[in-house]
Each structure stands twice: as structure tokens, then as C-alpha cells.
Amino acid sequence: MPHVEHPLPCATAQNTASQKPLGDRSTPVSEGKDAGTRLPLWGRRDWLRSTLAIGTTTFGSRAWSQSESNRGITVTQVVDMSAAQQDISRDFLTGSRAAWVDLNARGGVQGKPVQHLVLETDGTTAQLQSAWKTAHQQASCVALSGCVGNAAAQTLARYQLASETATPLPLVAPWLHQAVEEKSTDTVFDVFADLRAQITHALKSLASMGVPELGVAYATGQDTALAQAAVRQAAQEQSVKVQRVHSAAQLTQPIVLFVGGTPELHAFVGQLKLPAGRQCYVIALADVNLQVLAQMGNLPKRVSIIATQAVPLVSASLPVVRAYREALAKLYDEPPSPQGLAGFIAARYTAEVLQQMTAPLTRANVLAALQQRKALNVGGWAPPYQDKKRSAAFVTQSMLSSDGRIVG
């Protein structure tokens, strides 16, 4: 059965009045009623264990009392925790949680605490539909924010398009690698680079180095029709030839573009037949977590993995990246990751929209504010819009070298 995860404690009404504004990063993180209490450092396993231990309720049940819901607004995050997605979703969710806890410790949004309601699913249509309905039934919920992974976000975007509700929820900063249908742009507000933009960036980098040809592989179960179209178009634009390869095939070129997730990439690399004595480079997209891949181990010594990212490098000096690293260090015993940074940015982007509103923080007003597509600068990171669509996509790359180091 799908479950609702209770939100992390947020600052009480008494404490928020005395806490410092968003820009002041000296205020300690608050847990419960003690504004000076710092949340414990948790490892990945400890966090997951505590998430289950604090108790869950089934979809449709009340996640908190009426008096609690009256204290602020609610932002809901739908998370795909299926086996193929959980390495991305866990880091993304950790980044989002860190952002909302940090935000509440600094006074919330316009003096109101934000309840971060997490709806975990197994990625199936039934559970995603239940999660979507649950979010809409929460009277205090003003937005869906940072819904992850890609297939789940795409399903929710379709629900947004088909919805006939009089009070639609905006879907903000989803982890969405496919272009949003034109009709759904009034309720879906994507900010991260899609699949085509990621592939174009990867191939452009190769073209600039004079690489004329590369192999391309697709994970089993991947929507290959969509991915193949994006690869074909990007390859034509960059004048790079691509040849489909399979995991058991003998590589004829030292560079392979892989479309799929972390577990599938690990299996693929482990079965590669490498050219004798040659170094091989595998270019992956944003659904690959290099840290998890390194932890899985047993990678061939002559293979380096280059991962495309839809966010700045985690080592960057941008204010939003520094804020992410600081919040993560305070709250979790976790190293920074691109997926965690994406979750942090998704929450911060949503919060900035809410913070700048002059109208009351209602569902209808939040949707209207997002539909304006105002230019927002989130700590040095700014998604540009033109005609209700992104006019450019932010893409970077990091590498897991053959000796196990993550560079970038």
C-alpha cells in the first residue's frame, strides 16, 4: 500500500516571529519548539530507518491535526521510490527536505511555516493517481513541488492536463526529462533541462573535441522511442554519427552514450567488451548518480563515467550551491550530490515564488503567480523563460574516473 510520510517538524508560530530572514544563514536549524536545537546528523540508512519508524498513514488519511494545518501552508512532494528510481529519488528528497527545514528555521514564507508533505509511491499508475488526489484534497496545499522521478513526474503532468478540478494545483520544478505538452504549461512549471537538452550538451562537448562517432545504448525498459528521437536530432545538429550498441557487444569506438538509470548503467558497464588496452568513456544523463555507482563497485578499471547534470556543479561557489552544502552539513551525514542539489533548488524555487507574492497565499493565487513566468534568481541560478517555455537549459557534467574519483 502507498504511504504518506509525515512532514519534518517546522518552527512554531511563536518562534517564527523572532527568527531571522531568509538571507541570514547564521540562525541554527529548528526542530520542534526549540529554535536552538540542531537536528541530529543522520546517515542514509539512519534517515530511512527513522522515516519508517516515525509512523505513516495510508493515502486519504489526515497527515496532521487541523490546528497544525491552520498554522501555515502546505507544499506536497510526490516521490517515486521504486527500485529503478530510488537512488535518484532519495538524494532529491533529502535536498528538498533540507531546503524546507532550513526555510522554516528562518521564518518560513512571509512569516508562515511551510508543511512539507511527502507522498512516497512505488511509481505505479495507481499509487501516483492516489498521491495526486491526496494532494488536491489537502485544503492547505498550494503546490506540488519537486516531484521525482521522471516517469512519475510525467504521469503527474498528464493528470494536470486532464484535470477538470476548479482549483488545480501547480506542478513546480518536477524532475521531468520530457517536454511538457503545450496545453499543460498553465499548470506545469518545469525548470530543469530535459532529455534533449542533456543529450545536445553531451554531443556538443564531443563535437568540440573532434569526436566524429560514438555508440549509444539504452537501458532495458527505457522509453527508447523518445530517447532515440532526441539522440538522432542532437546528433544531426552536432554532425556526430551514432551507432547502437548492446552490453555484450565488442566496442568498436571508445565513447558510448548511455540512456538509463544507475542500476542499469552498472550492469551495462560490467558486461562491456572493451577494446584491448584502450580507455573507454561512458556518457550518462542526469538519472545516473555517480556516488551510488561508485559505492556499487566492481567497475572495469579502464572505464570512466561522465554524467550530465541539470544543475550547477556541487563544488560551485554559487550562493544556492553553498546554501545546499551548508544545510546538508547541518541536517544529514550525506555528501552533496547533483540530485540532492536539484531537490534543494526545486524547493528554493518554489519558496521564492511564494515569497515574492503580494496576494494571499492561496492555491489559485500561487497558480496565477507561476503563470506569469517572472524571472527569478535563486541564489545565482536562474531558469530563463520566453513565451511560457524555457529559452535555455542549464547543463553541466561531472566524471567518475577510472580510479574511482568524482571530478567536477
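Here's a quick tour of this chain, from its overall build down to a few individual residues. Keep in mind that what you're looking at is a predicted model. The chain has 13 helices and 16 strands, and 55% of its 408 residues are buried. If you take the contacts between residues at least 6 apart in sequence, 74% of them join residues at least 24 apart.

**Helix α4**

- Start with α4, which covers residues 86-105 and so has 20 residues.
- From its first C-alpha to its last, α4 reaches 28 Å, close to the 28 Å expected at 1.5 Å a residue.
- This helix is mostly covered, with 18 of its 20 residues buried.
- After α4 comes Gly107, which has a positive phi, near 110 degrees.

**The largest nonpolar core**

- In soluble globular proteins, nonpolar side chains tend to be buried together.
- Here, the largest nonpolar core has 58 residues, and the members that touch the most others are Trp175, Phe192, Tyr349, Leu354 and Trp381.
- Several elements give two or more residues to this core, including strands β3 (73-80), β4 (114-121) and β5 (141-145), along with helix α4.
- Helices α11 (319-331), α12 (338-355) and α13 (363-371) also give two or more residues each, and α12 has the largest share, with 10 residues.
- Zoom in on Trp175 and, leaving aside neighbours within four places in sequence, you'll find contacts with Ile88, Phe92 and Phe192, among others.
- Trp175 is also in contact with Cys147, Val148, Gly149 and Asn150, as well as with Ala286, Asp287 and Ala342.

**Helices α7 and α8 side by side**

- Helix α7 (residues 195-208) packs against helix α8 (residues 224-238) at an angle of about 35 degrees, and their axes are 9 Å apart.
- The two helices make a right-handed crossing.
- On the α7 side, the residues that meet α8 include Leu195, Ile199, Leu203 and Ala207.
- Among their partners in α8 are Leu226, Ala230, Val231 and Ala234.
- Sorted by type, the residues of this contact are 10 nonpolar, three polar and three charged.

**A closer look at Gln198**

- Gln198 counts as buried because its relative accessibility is 0%, and the cut-off for buried is under 20%.
- Not counting residues up to four places away in sequence, Gln198 touches His177, Ala193, Leu285, Ala286, Thr308 and Val395.
- Gln198 and Ala284 are 86 residues apart in sequence, yet their C-alpha atoms are 9.4 Å apart in space.

Note on methods:
Residues numbered from 1 in each chain as written. Predicted model: local features only at pLDDT ≥ 70, side-chain atom pairs only at ≥ 80, totals over all residues. Heavy atoms only, no water. Helix = DSSP H or I, 4+ residues; strand = E, 2+ residues; numbered from the N terminus. Expected span 1.5 Å × (residues − 1). Buried < 20%, exposed > 50% of the residue type's maximum accessible area, 1.4 Å probe, protein only. Core = buried A, V, L, I, M, F, W, Y, C linked by side-chain atoms within 4.5 Å. Contact = heavy atoms within 4.5 Å. Axes fitted to C-alpha atoms, helices over the stretch in contact; angles between N-to-C directions. Left-handed = near helix turned anticlockwise from the far one by under 90°. Nonpolar A, V, L, I, M, F, W, Y, C, P; charged D, E, K, R; others polar.
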